[in-house]
Amino acid sequence: MNGSTTFDLPISGMTCASCAGRVERALGKVPGVQSVSVNLANERAHIEVLGQMDPSVLIAAVDKAGYTATLPQSETATQASQEQRLTHERWSLLLAILLAAPLVLPMLVQPFGLHWMLPAWVQFALATPVQFIFGARFYIAAWKAVRAGAGNMDLLVAIGTSAGYGLSIYEWLTASAGTMPHLYFEASAVVIALVLLGKYLESRAKRQTASAIRALEALRPERAIQVIDGREQDVAITALKLNDLVLVKPGERFPVDGEVVEGQSHADEALISGESLPVPKQPGDAVTGGAINGEGRLLVRTLALGAESVLARIIRLVEDAQAAKAPIQKLVDKVSQVFVPVVLVLALATLTGWWLYGAPLEVALINAVTVLVIACPCALGLATPTAIMAGTGVAARHGILIKDAEALERAHEVSAVVFDKTGTLTSGAPKIAHLAAVDGNEAALLQQAGALQRGSEHPLAKAVLDACAEQGLNVADVSASQSLTGRGIAGTLDGRQLALGNRRLLEETGLSTGDLADSASAWEAEGRTLSWLIEQSPQPRVLGLFAFGDTLKPGALQAIQALKARHISSHLLTGDNRGSARVVAEALGIDDVHAEVLPADKAATVAELKKTGVVAMVGDGINDAPALAAADIGIAMGGGTDVAMHAAGITLMRGDPRLVPAALEISRKTYAKIRQNLFWAFVYNLIGIPLAAFGLLNPVMAGAAMALSSVSVVSNALLLKTWKPKDLEDERP
C-alpha cells in the first residue's frame, strides 16, 4: 500500500476567505489529493496526496483557478519577497492618497463658505491613475470572483468606484459649453485609497502571523562545539550527526536534544516544559535543544536532530494549530455575496423601469447610477477598520496589543480562560516560600544560608540573598567554600563546617530530620524545592529547612475574580508538578487544574475544552505557543517569549494578570462597534437605495448620503477612545 505525501505550497493572489475556498476546491479536484487546507493568514496550502505526485500538477491547478502557487522558498527568500510586496503596497497607498487629496479638498472647505472646484480635466488626470493603476488589483480580484460565481469586497469596490468614475465621464462629456458639471471623481478615488489602506494593514498583520514560526526557528543555535577525539571544533548544526558529542558552556543554549555524558549543571527549561525552577543535570540525564545551560560545562551526546527535535516538533504543532483555524467568513463578505447582485439587479430594474415609464434615457441612467453611488461600499469598508483602529489604539494605551481580528470576533463569546502557571499567574522566579529552624531562630538560619550562598549566581542562592536583603540581615564571609556537585554547597563559618543542599546531601550525612520531617513532607506535597542547612562539624546536626517555590503575581487573584464576576470559568494548565499547581489553584480559587502537561498535550487539552465553548489561552513561554495557537483566542503575557507573543492574537505589554479581563472587555466593545457600524452602513443603503430608485435623490444627494454614512461610522468608532479598564481603575487617579 502506498503511503501519503504532503506538500506546503505558498499561494499568492488571495484577498478574502472565498478566495481560499476556491483554491481548496481547485486542489481538491486533482486526482490523488486526499485532503487540502488553505490558510489565508499565512497564504499557504497544506496538501496531502496518495503516494507520490509531481508538485507541478498542483501548481497548475492553482494557476487555472486564477491564483499563483510556487514551491517553498528558503526563509530568507520568503522574507525578502514579503518585504518587497509590503513596500510596493505602501508606495501604492501613499501615491493614491496624494492623488486623491486634491480631489477631496474642495468638499472639505465647502462648510467654511469656500466654493471652488478643480477643472474637469484636472480631476480626470488625478482620478484616472488611482482608478486604473492603483485600483487595478480590485478589478482583477473582482473578475476572479465573477468568474467563480461569487461576490466579495473587491467586486463592490470595482462596481462602486467604476460607477462614480463612469458617471463623471458622462457628465463631463455631455455638459454644455462653459458650464461646470458635478463630477464624482473624488468619490471613486477616495474609496480606492481607503480600501488600499485596509489592504496594507491586512498585509502587515499577515506578516506578523508568519513571524511566529521565524521566532521559533531563531531559538535554535546555528553552530555548536563538536568534540572529536578530545579536540573542540566549531561546526554548523547541520554538520552534526546522531551520537556526535557536543560541548555546552555555561549560559549557552543546548544546540541539540541529547544525553549528558560528562559534567554537572542545571538547565533552565522554563521555555520548553514550563518548569519554573532550574533542573539539575548530570551524566545520564536528557537535555532539550533550546534550553539554557546553567553554571557547569556539559558534554552531550546527540540523540535528535532537525525535524525530530523537541523544538522542531513544537514548531510543527504551532503550524498545524494555525492551519486548523479556518479563516472566519467575515460578516462583510457574507453580506457582499448577496448585496452586490441585489444592487446590480436594482440598478438594472431602475434603468429599465424609468425607460419603460417614458423617461429620457439620460434620466433613467442617472437614477440607475444614483442607486450604484449610494450603494458604494465606502461606509461598508470603513466600518471594520475604524472600529479596530480606535479599539486597538485605546487598548494599546493601557498595555493591551490586539493584532488578530479573529480575537476581536470571538472575544464576546469567551466562556473559559485557560492560564499557564509559570510566568503568567506566578512570577517565574524562585522565592523562599517557607523556612523552619530547629532552634526557632529563623533570622540566624537565613544569615548562615546567605553566607554560604554569597557570590553564587544560582537562582536558589539569589532567592536566599534577596530574603536576607529584604530583612536587612548582614551576610558574613565563609572560608573554604566548595561546591558539592549535584548536592549543594559547603563552607566554614565561625569555626563551624556548614553545608546547604538537597535531600541527597542529607541522606549522605545520615542525619535525622527530627521535628522537621512533617514540614518537609507537607512542603514537598506542595511541589516546593527543599534545601537543608546542616552543621557537619564539630557537632553534626540538622539546623533548618528551606522550601523554595514560585510566588503569585500581584493582581492574579483580582483577575480570576473579575472573570468569575463575568461568568467566565478559569482553568490552570501547566507543565509544572501537581503539588505546586494545586497550591496556586487553591490560592486563586481555580477548580480545574491540569498539571505536568507536555506542550503537545497542552494543545490537546485546549482543543478538548473548545468542545464546550469558546476558549481563551493565556501563556508566556515556548511551551505555551501550540496551545495559544490552538485556542480560539491566544493571549500572551508581556515579559514572555517572542514566540508566545507572535502565536497569540492578543499580547499584554506587561505581565499584569488583570489585563486579561480588561483585554476581553475592550475586544467585546470593539466587536460591538463593528456590528453597530455595519448596521448603520446598511441602514443608509436600505433607506437610500429605494429613494434613489424612485428618483427622489440625485447623484449629488447620493454622494452626500454616502459621506454621511462614513462620518457616522467613524464617529461611532471614536467613542471607543473613552474606554478605561474597570479592573485597573485602582491604579489611576
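This is a predicted model: local features need pLDDT of at least 70, side-chain atom pairs count only at pLDDT 80 or more; totals for chains, interfaces and linings use all residues.
Q: Is glutamine 453 buried or exposed?
A: Glutamine 453 sits in helix H14 (residues 442-453). Leaving aside residues up to four places away in sequence, Ala461, Val464, Leu465, Ile489 and Leu500 touch this glutamine. The cut-off for burial is under 20% relative accessible area. With a value of 10%, glutamine 453 is therefore buried.

Q: How far apart in space are valine 475 and alanine 451, C-alpha to C-alpha?
A: Good one to check in your viewer. Valine 475 belongs to the loop between helix H15 (459-470) and strand E17 (479-484), and its contacts beyond four places in sequence are Gly450, Ala451, Arg454 and Cys468. Valine 475 and alanine 451 are 24 residues apart in sequence, and their C-alpha to C-alpha separation is 5.2 Å.

Q: How does valine 475 count at 23% relative accessibility: buried, partly exposed or exposed?
A: Buried requires under 20% and exposed requires over 50%. Valine 475, at 23%, falls between these limits, so this residue counts as partly exposed.

Q: What kind of aromatic pair do phenylalanine 132 and tyrosine 139 form?
A: The structure holds nine aromatic pairs. In the one formed by phenylalanine 132 and tyrosine 139, the ring centres are 6.0 Å apart and the planes make an angle of 20 degrees. Planes under 30 degrees apart count as stacked, so the pair of phenylalanine 132 and tyrosine 139 is stacked.

Q: How many residues apart in sequence are the parts tied together by phenylalanine 132 and tyrosine 165?
A: These two rings form an edge-to-face pair, 5.1 Å centre to centre with 90 degrees between the planes. Tyrosine 165 is buried at 9% relative accessibility, whereas phenylalanine 132 is partly exposed at 43%. Because phenylalanine 132 lies in helix H4 (residues 120-134) and tyrosine 165 in helix H6 (residues 153-174), the pair ties together parts whose separation in sequence is 33 residues.

Q: Which residues do ring pairs link into a cluster?
A: Phenylalanine 132 pairs with tyrosine 139 and also with tyrosine 165. The cluster linked by ring pairs consists of Phe124, Phe132, Tyr139, Tyr165, Trp172 and Phe185.

Technical notes: Residues are numbered from 1 along each chain as its sequence is written. Side-chain values use heavy atoms; hydrogens and water are left out. Helices (H or I, at least four residues) and strands (E, at least two) are DSSP runs, numbered from the N terminus. Buried means under 20% relative accessible area, exposed over 50%, partly exposed in between (1.4 Å probe, protein chains only). Contact means heavy atoms within 4.5 Å. Rings of Phe, Tyr and Trp (its six-membered ring) pair if their centres lie within 6.5 Å; planes under 30 degrees apart count as stacked, over 60 as edge-to-face and the rest as tilted.
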